[in-house]
Amino acid sequence: MAKQWLVFAAVAAIFLVLGTLGSAATAPSLVTFVFGDSLAEVGNNNHLQYSLARSDYPWYGIDFTGKKATGRFTNGRTIGDIISEKLGISPPPPPYLSLSPNDDAILKGVNYASGGAGILNETGQYFIQRMTFDDQINYFKRTKENIRAKIGEEAAKKLCNEATYFIGMGSNDYVNNFLQPFLPDGQQYTHDEFVELLTSKLRQQFLRLYQLGARKILYHGLGPLGCIPSQRVKSKNGQCLQRVNEWIMEFNSKVQILINSLNQRLPNSQMMFADTYPAVLDLINNPRVYGKICMEKLYLGSH
C-alpha cells in the first residue's frame, strides 16, 4: 500500500505538465510508449528466466484487478496504469516481451519498463537479467519496424511522431549503483563526475528516441532517494540523508537543463520534465495530510 501512495504523488506532478504536450489526439487514438524501471514495469521481467528482479509472487497485485501478481512491483497500479486511466486508455500498454511481432496491440502502445533498469548499462547487473534503457530503446526500434510493416512508412512515421513517450529512469543508477559501496561506479566517480556521466548518457538516449520518431517525451524526475530505507539506516537517527537528496536535486536540475537545450535544438521537439520530487517529499514530511501515519514503512524506493 505504501508504494501506491508514492505513485499517486508522482502522478499528480506528472499531470501538471501533461497538458502542455499539446496532443490533438482523442483517447481512443492516443498511443503511448512507456520506458522505465520497477515503478512502471507491468511484467517484462516475468519473461526473463534468470532475472532476480521479479515481482510474480504473493502479495504483489493484491489490490490490482484479479488480486494476483502481474509482474508489477506494487500491490496495485503503476504510474503508467494511472496515467493511462486518466487519459482514457484502456487497457494500459502491455509488456513488450508478452507480445508477438505481429500483434496489433503495438499500434496502441507498448510498455518496455523493466525492474532493475538504469540509464547506465552497468546498473543493476546483480539482478542478472533486466532490460536497460538502451535495451528498451532497441526494442522500441523493433516495434517501429513492425509497425512500419503493418501500416507503411508514412503512417508509421506519423504514429511515432504523434505518440506520447513516458520515461521514468535513473533511480537505480543511484540506489543499485552509485550508492552501493561495493560497486565500482561509487568508488570510481565523484558525484559531480557521476551526474555528468548520467546526463551525458541520457542525452544520447533522448537523441536516439528522437531519431526514431519520438517528439512528445515526458521524463519524470527522481524522488528524494535519501529517504528510502536503504539510505535512512545509514543515518544516526533514521532520518533522510540530506546529502543524497541534494545529489538527486542536482541530477533533476541537470536533466531539466538538458531537456530545455534539446527542445531549442531539435525541430518539433516537445520534451517535458515532470518534477515529482516536491510532491513525494511533501508526502514524507506531512503524512497526516495524506492519511498516513507510519512513515518508516512508506518510502519503499525502486528497483
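Predicted model: local features only at pLDDT ≥ 70, side-chain atom pairs only at ≥ 80, totals over all residues.
1. Overall make-up. The protein is built from ten helices and five strands, and of its 303 residues 53% count as buried. Among contacts in the protein with a separation of 6 or more, those between residues 24 or more positions apart account for 73%. The accessible surface comes to about 13700 Å², with 54% of that area belonging to carbon and sulfur atoms.

2. The disulfide. The count comes to one disulfide, and the bond in question joins Cys227 to Cys240 with an S to S distance of 2.1 Å, a value that falls within the 2.5 Å cut-off applied to pairs of cysteine sulfur atoms. The torsion about the S-S bond of Cys227 and Cys240 is about 115 degrees, and the disulfide is therefore right-handed.

3. Cys227 sits in the loop between β4 (216-220) and α8 (229-232), whereas Cys240 sits in the loop between α8 and α9 (242-265), so the pair ties together parts that are 13 residues apart in sequence.

4. Strand β1. Five of the five residues of β1 are buried, so this strand is largely enclosed by the rest of the structure. Both of its faces are covered, with Thr32, Val34 and Gly36 buried on one side and Phe33 and Phe35 buried on the other.

5. Pairing of β1. Strand β1 pairs with strand β2 (residues 109-111) in the parallel sense, over three bridges. Within this pairing, Phe33, one of the buried residues of β1, stands opposite Val110 in β2.

6. A nonpolar surface patch. Tyr50, Leu52 and Ile128 form a nonpolar patch on the surface, and together they have about 350 Å² of accessible area. Of this group, Tyr50 lies in the loop between β1 (32-36) and α2 (79-86), and with a relative accessible area of 52% Tyr50 is exposed.

Note on methods: Residues numbered from 1 in each chain as written. Heavy atoms only, no water. Helix = DSSP H or I, 4+ residues; strand = E, 2+ residues; numbered from the N terminus. Buried < 20%, exposed > 50% of the residue type's maximum accessible area, 1.4 Å probe, protein only. Contact = heavy atoms within 4.5 Å. Areas by Shrake-Rupley, 256 points an atom, 1.4 Å probe, with all protein chains shown as cover. Patch = residues over 30% accessible without salt bridge, like charges linked within 9 Å, V, L, I, M, F, W, Y side chains within 5 Å. Salt bridge = Lys/Arg side-chain N within 4 Å of Asp/Glu carboxyl O. Pairing = 2+ DSSP bridges.
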